[in-house]
Amino acid sequence: MTTQRSGPVYLNLLRIRFPVGAVTSIAHRISGVLLFLSLPVLIYLLDLSLQSPAGYEKTISYINNCWFEAGLGLVVWSFMHHLLSGIRFLLIDIDKGVTLQTARGSAWLVNLCAPVLALLYLWWIL
Amino acid sequence: MSRPIHGLRDWLLQRLTAVYLGIFLVYLLVHFLLQPQHSFQQWHDWVTQPAMIIAAALFIMALLIHGWVGMRDIVLDYVHATGLRLAILSLIALTLMACGIWALRVLLQAAI
């Protein structure tokens, strides 16, 4: 006799292996939330930098603060990941790269290129 | 809430705004990459060009739509208790509207 399981099932999230596309997808959401949360800070900086030459200098000194740079790094990664995975989703919407093999390849590409591009960009600009 | 959520309309809006946001932001990043040395005057003049003000105002509106659809979808997926859901959605809507008004005000003040 087989018994039907109906109770709550314990899922150990640390032991579930996510396929690479799922990582890309969940990171798209996480990066989106981070970008949303960074909005007030970014608008504040824009405001400060446009107010006066002194405000502009103050903005530059904020950006050169190492704690701030860590936060900025996170925002730049969020942007890079959100942009790249967004382009990937748009391509998949118009039926480009939908086979499992290409979709996995592009997911790896997005996951790896986002942090690399973010670091390169910050290194170049700071 | 009696107003239905328009799935297809929002799906399309999310993608159209995404394209504009992507193009504008890549343009900004490339500009910062190629012209990293700005003085206040140079920066101020660049931001307050009429074409930039218009493009940025459109960007802010696209960002509000995109941010709302995206954040709402996440909340609807993960928050199921009605009261909490309504509270978080309200907070997100208020934050986005405040950010939009603030950003437009910053642009207009700089331009005047």
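Predicted model: local features only at pLDDT ≥ 70, side-chain atom pairs only at ≥ 80, totals over all residues.
Reader: Why are α1(A) and α4(A) called oblique?
Author: Helix α1 (residues 20–51) and helix α4 (residues 100–125) of chain A pack at about 45°, with axes 8 Å apart. Axes are lines fitted to C-alpha atoms, for helices over the stretch in contact, and angles run from 0 to 180 degrees between N-to-C directions. Under 35 degrees is roughly parallel, over 145 roughly antiparallel, 65 to 115 roughly perpendicular, and the rest oblique. The α1(A)–α4(A) pair is therefore oblique. Its crossing is left-handed (the near helix is turned anticlockwise from the far one by less than a right angle; clockwise would be right-handed).

Reader: Which residues make the contact of α1(A) with α4(A)?
Author: V20(A), G21(A), V23(A) and T24(A) of α1(A) meet residues of α4(A), including A107(A), W108(A) and V110(A). Contact means C-beta atoms, placed from the backbone, within 7 Å. By class there are 6 nonpolar, 3 polar and 1 charged residues. Ala, Val, Leu, Ile, Met, Phe, Trp, Tyr, Cys and Pro count as nonpolar, Asp, Glu, Lys and Arg as charged, and the others, Gly among them, as polar.

Reader: What makes L35(A) buried?
Author: L35(A) lies in α1 of chain A. Burial takes 20 or more other C-beta atoms within 10 Å of a residue's own; 12 or fewer is exposed, and in between is partly exposed, with C-beta atoms placed from the backbone. L35(A) has 20, so it is buried. Beyond neighbours within four places in sequence, L35(A) contacts V75(A), S78(A), F79(A) and H82(A).

Reader: Is D95(A) buried or exposed, and how do you know?
Author: D95(A) has 7 other C-beta atoms within 10 Å, so it is exposed. D95(A) sits in the loop between α3 and α4 of chain A. Its phi is positive, about 65°, although D95(A) is not a glycine.

Reader: What does chain A bring to its contact with chain B?
Author: Chain A gives 21 residues and chain B gives 21. On the chain A side, α1(A) gives the most, with 11 residues. That side divides into 15 nonpolar, 3 polar and 3 charged residues.

Reader: How does the radius of gyration of chain B stand against a compact globule?
Author: A compact globule of 112 residues would have a radius near 13 Å; chain B has 17 Å. The radius is taken over C-alpha atoms, and the globule rule is 2.2 Å times the number of residues to the power 0.38. The C-alpha trace of chain B spans about 50 × 25 × 20 Å along its principal axes. Buried residues make up 12% of chain B.

Reader: How many helices and strands does chain B have?
Author: Chain B has 4 helices and 0 strands. Helices (H or I, at least four residues) and strands (E, at least two) are DSSP runs, numbered from the N terminus.

Reader: Why are α1(B) and α3(B) called oblique?
Author: They pack at about 135°, with axes 9 Å apart. The pair is therefore oblique. The crossing of α1(B) and α3(B) is left-handed. Their contact has 12 nonpolar, 4 polar and 1 charged residues.

How values were computed. Residues numbered from 1 in each chain as written. Chains lettered and ligands numbered in written order. Contact = placed C-beta atoms within 7 Å.
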